[in-house]
Amino acid sequence: MSTAWNVEVDRGSAAEFHARDIPNPLIPTLWWFDVQQPALVLGSAQPIGHIDVVACERAGVDIVRRRSGGGAVLLEPDDVLWVDVVIPAGDPRWSADVSSSAWWLGEVWQRTLVTCGIDGTTVHHGPMVHRRWSDRLCFAGLGGGEVVAADGRKIVGISQRRTRAGARFQCALYRRWRAENHAPLFAEPGPQFRDLDDIVFAVDRPVDELRAVFTAALHQT
(Lines give C-alpha, C1' and ligand atoms only; values in the text may rest on other atoms or scores of the structure.)
Protein backbone atom coordinates (compact mmCIF):
# COMPACT_ATOMS: atom_id res chain seq x y z
CA MET A 1 0.00 0.00 0.00
CA SER A 2 1.41 3.39 -0.97
CA THR A 3 0.29 6.30 1.18
CA ALA A 4 1.28 9.95 1.05
CA TRP A 5 2.01 10.90 4.66
CA ASN A 6 1.96 14.43 5.93
CA VAL A 7 5.00 14.80 8.21
CA GLU A 8 5.50 17.43 10.89
CA VAL A 9 8.44 17.83 13.28
CA ASP A 10 7.90 20.08 16.29
CA ARG A 11 9.89 20.99 19.40
CA GLY A 12 8.18 22.41 22.46
CA SER A 13 6.28 21.40 25.58
CA ALA A 14 4.56 18.07 26.15
CA ALA A 15 1.44 19.93 27.32
CA GLU A 16 1.14 21.76 23.99
CA PHE A 17 1.57 18.58 22.00
CA HIS A 18 -0.98 16.58 23.98
CA ALA A 19 -3.50 19.43 23.73
CA ARG A 20 -3.43 19.17 19.94
CA ASP A 21 -6.73 17.97 18.48
CA ILE A 22 -7.22 15.38 15.78
CA PRO A 23 -8.06 17.47 12.72
CA ASN A 24 -11.29 16.88 10.82
CA PRO A 25 -11.03 16.18 7.96
CA LEU A 26 -7.58 14.64 8.18
CA ILE A 27 -5.05 12.80 6.07
CA PRO A 28 -2.50 10.20 7.24
CA THR A 29 -0.07 12.21 9.33
CA LEU A 30 3.10 11.77 11.39
CA TRP A 31 3.70 14.18 14.24
CA TRP A 32 7.27 13.89 15.51
CA PHE A 33 7.64 15.63 18.86
CA ASP A 34 10.78 16.69 20.72
CA VAL A 35 10.23 17.93 24.26
CA GLN A 36 12.27 20.85 25.58
CA GLN A 37 11.33 20.26 29.22
CA PRO A 38 11.00 16.98 31.15
CA ALA A 39 7.38 15.96 31.62
CA LEU A 40 5.60 13.09 33.34
CA VAL A 41 2.59 12.38 31.15
CA LEU A 42 -0.34 10.72 32.93
CA GLY A 43 -2.97 8.61 31.23
CA SER A 44 -6.41 10.15 30.76
CA ALA A 45 -7.93 8.41 33.81
CA GLN A 46 -4.83 7.98 35.96
CA PRO A 47 -5.23 9.35 39.51
CA ILE A 48 -2.97 12.27 40.37
CA GLY A 49 -2.44 10.46 43.68
CA HIS A 50 -0.08 8.08 41.87
CA ILE A 51 2.38 10.97 41.54
CA ASP A 52 4.58 12.74 44.06
CA VAL A 53 3.81 16.28 42.93
CA VAL A 54 6.43 17.85 45.20
CA ALA A 55 9.12 15.49 43.91
CA CYS A 56 8.21 16.41 40.32
CA GLU A 57 8.42 20.11 41.11
CA ARG A 58 11.76 19.61 42.82
CA ALA A 59 13.11 17.70 39.80
CA GLY A 60 11.80 20.29 37.31
CA VAL A 61 9.39 17.79 35.75
CA ASP A 62 6.09 19.09 34.37
CA ILE A 63 2.97 17.02 35.11
CA VAL A 64 0.85 16.65 31.99
CA ARG A 65 -2.29 14.64 31.24
CA ARG A 66 -2.85 13.08 27.83
CA ARG A 67 -6.20 12.18 26.27
CA SER A 68 -5.27 8.54 25.69
CA GLY A 69 -5.29 5.84 28.35
CA GLY A 70 -2.65 3.90 30.25
CA GLY A 71 -0.03 4.69 32.84
CA ALA A 72 2.49 7.49 33.06
CA VAL A 73 5.34 8.08 30.61
CA LEU A 74 8.35 10.19 31.55
CA LEU A 75 9.52 12.27 28.60
CA GLU A 76 13.01 13.69 28.93
CA PRO A 77 14.74 15.65 26.15
CA ASP A 78 16.67 13.36 23.78
CA ASP A 79 15.85 10.21 25.79
CA VAL A 80 12.56 9.31 24.09
CA LEU A 81 11.58 8.96 20.44
CA TRP A 82 7.97 10.18 20.31
CA VAL A 83 5.71 10.06 17.28
CA ASP A 84 1.95 10.29 16.86
CA VAL A 85 0.57 8.37 13.89
CA VAL A 86 -2.80 9.77 12.83
CA ILE A 87 -5.07 8.02 10.34
CA PRO A 88 -8.59 8.86 9.14
CA ALA A 89 -11.49 6.53 9.85
CA GLY A 90 -11.66 5.56 6.17
CA ASP A 91 -8.03 4.50 5.98
CA PRO A 92 -7.40 0.82 5.05
CA ARG A 93 -5.47 0.44 8.32
CA TRP A 94 -8.42 1.61 10.39
CA SER A 95 -10.10 -0.99 12.58
CA ALA A 96 -13.23 -0.62 14.65
CA ASP A 97 -11.86 -3.26 17.03
CA VAL A 98 -9.88 -1.25 19.58
CA SER A 99 -8.08 -4.30 20.93
CA SER A 100 -6.50 -5.11 17.55
CA SER A 101 -6.40 -1.66 15.96
CA ALA A 102 -2.70 -1.05 16.69
CA TRP A 103 -1.38 -4.44 15.57
CA TRP A 104 -0.40 -3.14 12.15
CA LEU A 105 1.54 -0.29 13.75
CA GLY A 106 3.42 -2.68 16.02
CA GLU A 107 4.46 -4.60 12.92
CA VAL A 108 5.82 -1.36 11.43
CA TRP A 109 7.91 -0.89 14.56
CA GLN A 110 9.05 -4.50 14.35
CA ARG A 111 10.35 -3.94 10.80
CA THR A 112 12.03 -0.76 12.02
CA LEU A 113 13.85 -2.67 14.74
CA VAL A 114 14.98 -5.41 12.35
CA THR A 115 16.56 -2.76 10.14
CA CYS A 116 18.33 -1.47 13.26
CA GLY A 117 19.71 -4.97 13.89
CA ILE A 118 17.29 -5.93 16.67
CA ASP A 119 15.79 -9.35 15.95
CA GLY A 120 13.54 -11.66 17.95
CA THR A 121 10.97 -9.03 18.89
CA THR A 122 7.28 -9.80 19.38
CA VAL A 123 4.20 -7.71 18.62
CA HIS A 124 1.60 -8.27 21.33
CA HIS A 125 -1.61 -9.57 19.75
CA GLY A 126 -3.43 -10.44 22.94
CA PRO A 127 -5.50 -8.59 25.53
CA MET A 128 -4.04 -6.04 27.91
CA VAL A 129 -1.45 -7.57 30.22
CA HIS A 130 -1.51 -6.07 33.69
CA ARG A 131 1.67 -6.40 35.69
CA ARG A 132 2.86 -4.97 38.95
CA TRP A 133 3.00 -1.17 38.63
CA SER A 134 1.37 -1.11 35.19
CA ASP A 135 -1.39 1.09 36.61
CA ARG A 136 1.35 3.58 37.47
CA LEU A 137 3.73 3.26 34.53
CA CYS A 138 2.92 2.59 30.88
CA PHE A 139 6.05 0.56 30.20
CA ALA A 140 5.32 -1.82 33.08
CA GLY A 141 2.30 -3.27 31.24
CA LEU A 142 1.60 -4.52 27.73
CA GLY A 143 -1.17 -3.64 25.29
CA GLY A 144 -2.17 -4.63 21.78
CA GLY A 145 0.40 -3.69 19.13
CA GLU A 146 3.16 -2.95 21.62
CA VAL A 147 6.56 -4.49 20.96
CA VAL A 148 8.73 -6.50 23.33
CA ALA A 149 12.29 -7.76 23.03
CA ALA A 150 13.25 -11.44 23.05
CA ASP A 151 14.02 -11.17 26.77
CA GLY A 152 10.56 -9.76 27.54
CA ARG A 153 11.54 -6.14 28.04
CA LYS A 154 9.21 -3.61 26.41
CA ILE A 155 10.57 -1.60 23.50
CA VAL A 156 7.63 0.35 22.07
CA GLY A 157 4.63 1.70 23.98
CA ILE A 158 1.45 2.66 22.12
CA SER A 159 -1.68 4.41 23.38
CA GLN A 160 -4.50 5.74 21.27
CA ARG A 161 -7.27 8.26 21.11
CA ARG A 162 -10.18 7.78 18.72
CA THR A 163 -12.79 10.17 17.35
CA ARG A 164 -15.27 9.95 14.49
CA ALA A 165 -12.62 11.49 12.26
CA GLY A 166 -9.92 8.92 12.96
CA ALA A 167 -7.36 7.53 15.37
CA ARG A 168 -4.27 9.04 16.96
CA PHE A 169 -1.71 6.44 17.97
CA GLN A 170 0.87 7.83 20.39
CA CYS A 171 4.12 5.88 20.24
CA ALA A 172 7.16 6.06 22.51
CA LEU A 173 10.52 4.30 22.26
CA TYR A 174 13.24 4.95 24.81
CA ARG A 175 16.69 5.68 23.46
CA ARG A 176 17.93 5.76 27.06
CA TRP A 177 16.12 4.30 30.06
CA ARG A 178 16.85 5.90 33.42
CA ALA A 179 14.98 4.04 36.15
CA GLU A 180 16.65 6.27 38.71
CA ASN A 181 14.79 9.27 37.24
CA HIS A 182 11.41 7.52 37.21
CA ALA A 183 11.08 5.91 40.62
CA PRO A 184 11.32 9.09 42.77
CA LEU A 185 8.40 10.71 40.92
CA PHE A 186 5.78 8.26 42.19
CA ALA A 187 3.95 8.59 45.49
CA GLU A 188 4.24 5.87 48.12
CA PRO A 189 3.59 3.03 47.87
CA GLY A 190 5.12 3.21 44.42
CA PRO A 191 7.72 1.45 42.30
CA GLN A 192 11.32 1.49 43.45
CA PHE A 193 14.44 1.56 41.31
CA ARG A 194 14.79 -2.23 41.53
CA ASP A 195 11.25 -2.62 40.14
CA LEU A 196 11.95 -0.54 37.05
CA ASP A 197 15.60 -1.09 36.22
CA ASP A 198 15.11 -3.97 33.78
CA ILE A 199 11.63 -3.48 32.29
CA VAL A 200 12.62 -1.45 29.19
CA PHE A 201 14.80 -2.30 26.20
CA ALA A 202 16.37 0.98 25.05
CA VAL A 203 17.41 1.57 21.44
CA ASP A 204 20.33 3.98 21.51
CA ARG A 205 20.33 5.10 17.89
CA PRO A 206 20.39 8.66 16.50
CA VAL A 207 16.94 10.23 16.32
CA ASP A 208 17.25 11.07 12.62
CA GLU A 209 18.17 7.46 11.83
CA LEU A 210 15.23 6.07 13.78
CA ARG A 211 12.81 8.48 12.14
CA ALA A 212 14.06 7.62 8.66
CA VAL A 213 13.92 3.87 9.23
CA PHE A 214 10.44 4.04 10.79
CA THR A 215 9.12 6.17 7.93
CA ALA A 216 10.51 3.72 5.37
CA ALA A 217 8.89 0.81 7.22
CA LEU A 218 5.61 2.73 7.41
CA HIS A 219 5.55 3.15 3.65
CA GLN A 220 5.58 -0.65 3.30
CA THR A 221 2.11 -0.89 4.86
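1. Let's start with the secondary structure: six helices and ten strands make up the protein. Keep in mind as you look around that this is a predicted model.

2. Next, the overall build. A compact globule of 221 residues would have a radius of gyration near 17 Å, and the protein comes in at 16 Å, so the two agree. Of the 221 residues, 52% count as buried. If you look at contacts with a separation of 6 or more, 68% of them come from residues 24 or more positions apart.

3. The accessible surface is about 9,700 Å², and carbon and sulfur atoms account for 51% of that. There are 23 positive and 27 negative charges, and their mean positions lie 4 Å apart.

4. Now for the sheet. Seven strands make up an open sheet with mixed pairing, and the order to follow is S1-S2-S6-S10-S9-S8-S7. At the edges sit strand S1 (6-12) and strand S7 (122-123), each of which pairs on one side only.

5. S1 pairs with strand S2 (residues 29-35) in the parallel sense, over seven bridges. To find your place there, look for Arg-11, whose bridge partner in S2 is Asp-34. From S2 you step to S6, and this pairing is antiparallel, with five bridges.

6. How many residues of strand S6 (residues 80-88) are buried? Nine of its nine residues are, so the strand is mostly covered. Val-80, Trp-82, Asp-84, Val-86 and Pro-88 point one way, while Leu-81, Val-83, Val-85 and Ile-87 point the other way, and all are buried. Note that Asp-84 is among the buried residues.

7. Leu-30 and Thr-215 are 185 residues apart in sequence, yet their C-alpha atoms are 8.9 Å apart in space.

8. On to a loop residue, Gln-46. You'll find Gln-46 in the loop between strand S3 (39-42) and helix H2 (53-59). Is Gln-46 buried or exposed? Its relative accessible area is 5%, so Gln-46 is buried. Leaving aside neighbours within four places in sequence, Gln-46 is in contact with Arg-65, Gly-70, Gly-71, Ala-72, Asp-135 and Arg-136.

9. Asp-78 has phi near 75 degrees, a positive value in a residue other than glycine. Trp-133 also has phi near 75 degrees, and Trp-133 is likewise a residue other than glycine. As for where they sit, Asp-78 lies in the loop between strand S5 (73-75) and S6, and Trp-133 in the loop between S7 and strand S8 (147-148). Their accessibility is another matter: Asp-78 is partly exposed, with a relative accessible area of 48%, whereas Trp-133 counts as buried at 14% relative accessibility.

10. Last, a peptide bond to look at. The bond from Glu-188 to Pro-189 is cis, with omega near -5 degrees. Pro-189 is found in the loop between helix H4 (179-182) and helix H5 (193-196).

Key. Residues numbered from 1 in each chain as written. Predicted model: local features only at pLDDT ≥ 70, side-chain atom pairs only at ≥ 80, totals over all residues. Heavy atoms only, no water. Helix = DSSP H or I, 4+ residues; strand = E, 2+ residues; numbered from the N terminus. Rg over C-alpha atoms; globule rule 2.2 N^0.38 Å. Buried < 20%, exposed > 50% of the residue type's maximum accessible area, 1.4 Å probe, protein only. Contact = heavy atoms within 4.5 Å. Areas by Shrake-Rupley, 256 points an atom, 1.4 Å probe, with all protein chains shown as cover. Lys, Arg positive; Asp, Glu negative; His and termini not counted. Charge placed at Lys NZ, Arg CZ, Asp CG, Glu CD. Pairing = 2+ DSSP bridges.
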